[in-house]
Amino acid sequence: MDDLTEMLKGTLEGCVLEIIGSEETYGYAITRRLNELGFADVVEGTVYTILLRLEKKGLVQVMKRPSEQGPPRKFYALNDAGRGELATFWAKWEYITSRIDKLKEGGR
Amino acid sequence: MNFWEAITGSDLTRDFKAFEVRAAALPADHRAAWEQVKGGLFLYGDFTGRNLMPILDGVLGLLEETAADGQSIDEVLGDDIAGFCAALAGGSGARNFRDRWREQLNRNVARKLSRLGG
């Protein structure tokens, strides 16, 4: 699907949190995961800026590990604050989707 | 940063040289993107540009990592480099020229108003 960017903007941070929450991972793998899910427009630069934000907000734990080739990679894992933020994200998501579904069905 | 560096900006020159050495090792399209990112970030620099140094260091790291993976620059930055720079600078809390102009304007207006209100 094209032109999802605007709609995705507010939720991408939550998506990245969820991906990091399921396993410790790095930028490139997160981008690939989002692409596989069908978010083809998401490039690594987008994920990079989100990761920077998460790091600044103190929601992730960062570890540098050497890679087989090239410079060391940054791996990300959720800390307690991150897990809290992720739970909040899903609560908000439930709220929004339930309201929008209601709207679509014409209910009140 | 010591006093000498603060006055002469010699630390900036040194850092910048180090950046360019690293950038020179990148493949051509990544190097072109580096030039564009530098241009794009310039807008968000403070008076000396010192606030940009850690940001530039991070971007260079991203470019190096992705180049080592053999990713194309399109996979890394897409077509919105200006947006990437804005997100970067915003995320790092860099204040830019426009913020300062806005502050100055607000101050001037406030002064004029208080004079009128007397």
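This is a predicted model: local features need pLDDT of at least 70, side-chain atom pairs count only at pLDDT 80 or more; totals for chains, interfaces and linings use all residues.

1. Residues are numbered from 1 along each chain as its sequence is written, chains are lettered from A and ligands numbered from 1 in the order in which they are written, and side-chain values use heavy atoms, with hydrogens and water left out.

2. Chain A holds 4 helices and 3 strands, where helices (H or I, at least four residues) and strands (E, at least two) are DSSP runs numbered from the N terminus. Read from the N terminus, the order of elements is α-β-α-α-β-β-α, and the C-alpha atoms of chain A fill a box of roughly 55 × 35 × 20 Å along the principal axes.

3. The 3 strands of chain A make an open antiparallel sheet in the order β1-β3-β2, two strands being paired if DSSP finds at least two bridges between them. Because β1 (25-26) and β2 (60-65) of chain A stand at the edges with a single partner strand each, one side of each is left without a neighbour in the sheet. Between β1(A) and β3 (residues 73-78) of chain A there are 2 bridges in the antiparallel sense, and A:Tyr26 has A:Phe75 in β3(A) as its bridge partner.

4. Between the chains, 15 residues of chain A are in contact with 19 residues of chain B (heavy atoms within 4.5 Å). The buried area, which is the accessible area (1.4 Å probe) lost on putting the two parts together and summed over both, is about 1400 Å², with carbon and sulfur atoms giving 54%. There are 3 salt bridges between chain A and chain B (a side-chain nitrogen of Lys or Arg within 4 Å of a carboxyl oxygen of Asp or Glu), and one of the salt bridges joins A:Arg32 and B:Glu75 at 3.3 Å, N to O.

5. Which residues lie nearest the centre of the largest pocket? They are A:Thr5, A:Lys9, A:Leu12, A:Thr46 and B:Asp80, out of 22 lining residues. A pocket here is an open set of points on a 1 Å grid over the protein atoms alone where a 1.4 Å probe fits, with protein on both sides within 12 Å along at least five of seven lines, and lining residues have an atom within 4 Å of a point. Helix α1(A) gives the largest share of the lining, 6 residues.
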